[in-house]
Amino acid sequence: MKKLDFYIPTKIIYGKGRIKEFGETLDKKFKNIMIVSGKTSYKKSGAYEKISAQLKDREVILFDKVNENPDFETLLRGAELARNRKAELIIGIGGGSPMDAAKGIALLATNDGNMKDYMRGKEIKKNPLPVVCIPTTSGTGSEVTPYAVFTDSDTKDKGGYANPSIFPVFSIIDPELTYSMPDDVLINTGLDALTHALEAYLSTKATPLNDLISIHAIEIIMGNLKDSLKREKEAMDRLSYASMIAGMAIANAGTLLLHAAGYPLTVYHQIPHGRANAILLPAFIEFMKEKSEVKAKVELLEGIFKEHGGIREFINYFGISTKLSENGISEDEINTFVEKTIVKKNLKITPARISKKDLFKFYKDTF
Ligand code: NAP
Ligand code: FE
């Protein structure tokens with residue numbers, strides 16, 4: 001190994017009941033705190049009640065307006081509130097949507113303009129407000145990544161923003177906050193975490209250290225997702241841990257073609273993010289087997305899949321069809337999906353040459 005880089009500046013506080021350590025972890029200098037959340041999960045998970053009790057001596061500003069797959073408009077509204085109320089720190093509570101929105105709001109609270117400009121390469125002038133993340137799903141890993149994913153509702157484009165300045169300063173990963181997830185959220189987010197670990201493992205940015213984390217996460221997720229659905233607490237706790245470490249893996253190696261190809265399914269058909277990835281996952285593995293420069297790695301993954309009855313069977317077990325035709329998508333849409341996907345940076349770190357023709361075939365083969 002010639003070179004190795006690994007960077008996670010976020011302090012990680014993992015464990016059941018550890019949400020109670022929030023108050024003591026938060027620096028006393030922060031007096032005006034803004035909470036960014038979705039509409040209900042911050043309460044359903046129990047996080048809000050527990051956090052509020054520890055913020056009694058501080059000013060709390062609540063922004064509970066984040067929809068799934070947050071858009072730019074939401075960020076502008078949140079940032080305006082943050083500026084008006086002089087927020088000094090932003091806490092994202094919820095799944096990836098509120099955690100990502102917290103990062104975007106933190107950036108726009110100190111920098112002018114629209115998130116769209118920064119996603120197109122505009123430099124930030126000032127550090128974003130510090131962000132703290134408290135996940136209530138076991139999926140995105142946003143609590144340990146420098147990424148935030150947003151949707152442009154006008155152009156129907158979904159994509160990620162990456163900047164080390166939006167790494168959370170600390171994150172509390174308390175598995176008890178995930179127990180209230182409905183089955184579909186549990187399945188979709190667990191499968192999202194699985195794809196993170198798989199893609200990080202196959203990435204051109206992968207390193208032996210990152211691979212250890214990725215493989216560990218894959219084994220935990222495949223070994224525990226079914227039991228989690230039976231509401232076995234230990235299995236759910238392991239998923240919280242695995243999604244976090246899968247987040248560390250993508251923080252260092254990124255996501256690939258699979259994530260990019262899944263975005264149009266969410267934007268055009270409202271298919272939840274993790275589910276969209278899962279639908280395309282078997283095709284992605286086939287594609288990598290045929291086209292990639294990392295065939296030995298694909299074979300190793302296939303060995304793990306075999307222990308769990310095969311990857312397609314694993315996904316089908318959760319009631320997810322891996323055919324686009326059975327997910328409400330028609331073949332006429334392939335060209336649009338190809339145009340949206342071919343421009344994504346994720347393709348640059350996918351270890352295969354991918355032409356438009358390849359991408360067309362990739363989608364077509366999933367019908
Ligand atoms: P989500 O969109 O945050 O939430 C999905 C649904 O689950 C919402 O209805 C939410 O309710 C509900 N929910 C969440 N936690 C719950 C709980 N404990 N109890 C009951 N309901 C709960 O889902 P997600 O899959 O975690 O996040 C997806 C987003 O993250 C996508 O935009 C995706 O692109 C992005 N993402 C980001 C990264 C990254 O590194 N930053 C990586 C991968 C994906 P509420 O609406 O009430 O909150
Ligand atoms: Fe994801």
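A quick word on terms: helices (H or I, at least four residues) and strands (E, at least two) are DSSP runs, numbered from the N terminus. With that in hand, α5 (96-110), β6 (147-152) and α7 (183-202) each supply at least two residues of the shell around ligand 1.

Before the points, some ground rules. This is a predicted model, so local features need pLDDT of at least 70 and side-chain atom pairs count only at pLDDT 80 or more, while totals for chains, interfaces and linings use all residues. Residues are numbered from 1 along each chain as its sequence is written, chains are lettered from A and ligands numbered from 1 in the order in which they are written, and side-chain values use heavy atoms, with hydrogens and water left out.

1. Start with ligand 1. Of the 29 residues around ligand 1 (a heavy atom within 4 Å), Thr-40, Ser-41, Gly-96, Ser-97 and Asp-100 come nearest.

2. Now its polar contacts (pairs of N or O atoms within 3.5 Å). The side chain of Ser-97 puts an N or O atom 2.6 Å from an oxygen of ligand 1, and Thr-137 has a polar side-chain atom 2.9 Å from an oxygen of the ligand. Taken alone, ligand 1 exposes 950 Å², and the protein buries 91% of that (areas by the Shrake-Rupley method, 1.4 Å probe).

3. Next, the metal. Asp-192 (OD), His-196 (NE2), His-259 (NE2) and His-273 (NE2) coordinate the iron ion (ligand 2) at 2.1 to 2.2 Å. Donors here are N, O and S atoms within 2.8 Å of the metal (3.2 Å for Na, K and Ca), and sites may look incomplete because water is not among the atoms. Along the sequence, the donor residues are spaced D-x3-H-x62-H-x13-H. His-259 sits in helix α10 (residues 257-269) and His-273 in helix α11 (residues 273-291), 14 residues apart.

4. Both of those histidines, His-259 and His-273, are buried (under 20% relative accessible area, 1.4 Å probe, protein chains only).

5. Have a look at strand β2 (residues 32-37) too: six of its six residues are buried. Asn-32, Met-34 and Val-36 cover one side, with Ile-33, Ile-35 and Ser-37 on the other.

6. What does β2 pair with? Strand β3 (residues 59-63) runs parallel to β2 over five bridges, and strand β4 (residues 89-94) is also joined to β2 in parallel by five bridges; pairing takes at least two DSSP bridges. Asn-32 stands opposite Glu-59 in β3, and Ile-35 has Ile-91 in β4 as its bridge partner.

Technical notes:
Buried < 20%, exposed > 50% of the residue type's maximum accessible area, 1.4 Å probe, protein only. Polar contact = N/O pair within 3.5 Å; in protein donor to acceptor, adjacent residues only side chain to side chain.
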